[in-house]
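Dear colleague,

Please find below the structure I wish to hand over to you.

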Amino acid sequence: MMIPKLPSPCRPMSYSEKFTFSCHPNVSCFNECCRQIDLILTPYDLLRLKRRLKLDSAVFLQRYVIVEWEEGMRFPHCFLTMVDDGKASCVFLNEQGCSVYEDRPAACRAYPAGRGASRRVDGTVTEQFVLVQEPHCKGFAAGLEQTVPGYFQAQGLTEYNRFNDQLLQLLQHPKVRAGFRPTRSQMQQFILALYNVDMFRRELLAGRIQLKQPLSPMESRAISAGDDKALLLLGVRWLLEEFFGEYWCGNEYRKTAYAT
């Protein structure tokens, strides 16, 4: 699938095409890419950050996230807050650099590259890559020659992409492609299940959220033990039920429709 209408700093990249890039404190523009940005957080981004900061997901959302959603939008967007320092710097940027570097969001890891993912009808995922060459960035002048997939692996994006791709079954559902838009109530469910994961866990364990197919013993143990990754996958499963009347069954989470 072609990437439409790329902004001027971006150009498509093939899987095997090479580029040269390096980012470190000795590059003159170090940390400039951490300012004047609209950084959208994925659910897995938030999971990693709230765990690193040892915060409940509700507290993290209140302190660090701006949720934007208007009638007609497909799904809410969760933006990381910026500091009002005249430069709109990332809230996690300090004099030494990124204070959450080991758990930095996927978009930060990927820069200056980008990845688009599309889910086919058979469930397979196709990838499209872009390279972002902004005028301020001096990192292209030196560094290792590498491909985008190799760069992503070196930046620790494999697990991020794996969990982000799990969302495609919801975000690129055929009914979404056909024009589905969530109601305000469904928007609140979306934020609860994918971003406010600690509250979602409490609601599940208290029985205030019911799934069409009950939790398996393995799922119950994982959720009770605080397995946020399992909880995130369960959140996708619950939203598919609530939005589209579908649930997952079996160890492979195969989709099955039920009569509404």
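A cavity, as the word is used here, is a set of grid points where a 1.4 Å probe fits but cannot get out, and its lining residues have an atom within 4 Å of a point. Please note that the model is a predicted one.

The count comes to one cavity of 30 Å³ or more, and the volume of the largest cavity is about 60 Å³. Its lining consists of Phe-21, Ser-22, Cys-23, Val-27, Cys-29, Phe-30, Asn-31, Cys-33, Tyr-111, His-136, Cys-137 and Gly-139. By class, eight of these residues are nonpolar, four are polar and none is charged.

Asn-31 lies in the loop between β2 (18–21) and α1 and has a positive phi, near 80 degrees, in a residue other than glycine. Asn-31 counts as buried because its relative accessibility is 11%, the cut-off being under 20%. Tyr-111 is joined to Pro-112 by a cis peptide bond, with omega about 15 degrees; Pro-112 is found in the loop between α3 (106–110) and β9 (113–119).

A positive phi, of about 50 degrees, is also found at Ala-88, in the loop between β5 (82–83) and β6 (89–90). At 25% relative accessibility, Ala-88 counts as partly exposed.

Finally, the axes of α1 (residues 43–52) and α5 (residues 158–166) come within 8 Å and cross at roughly 130 degrees, which means that α1 is oblique to α5. Tyr-44, Asp-45 and Arg-48 of α1 make the contact with Glu-159, Tyr-160, Phe-163 and Asn-164 of α5.

With kind regards

How values were computed:
Residues numbered from 1 in each chain as written. Predicted model: local features only at pLDDT ≥ 70, side-chain atom pairs only at ≥ 80, totals over all residues. Heavy atoms only, no water. 1 Å grid on protein atoms, 1.4 Å probe; cavity = no way out; pocket = protein on both sides within 12 Å on 5 of 7 lines; lining within 4 Å. Points joined across faces, edges and corners; volume = space filled by probe spheres on them. Nonpolar A, V, L, I, M, F, W, Y, C, P; charged D, E, K, R; others polar. Axes fitted to C-alpha atoms, helices over the stretch in contact; angles between N-to-C directions. Helix = DSSP H or I, 4+ residues; strand = E, 2+ residues; numbered from the N terminus. Parallel < 35°, antiparallel > 145°, perpendicular 65-115°, else oblique. Contact = heavy atoms within 4.5 Å. Buried < 20%, exposed > 50% of the residue type's maximum accessible area, 1.4 Å probe, protein only.
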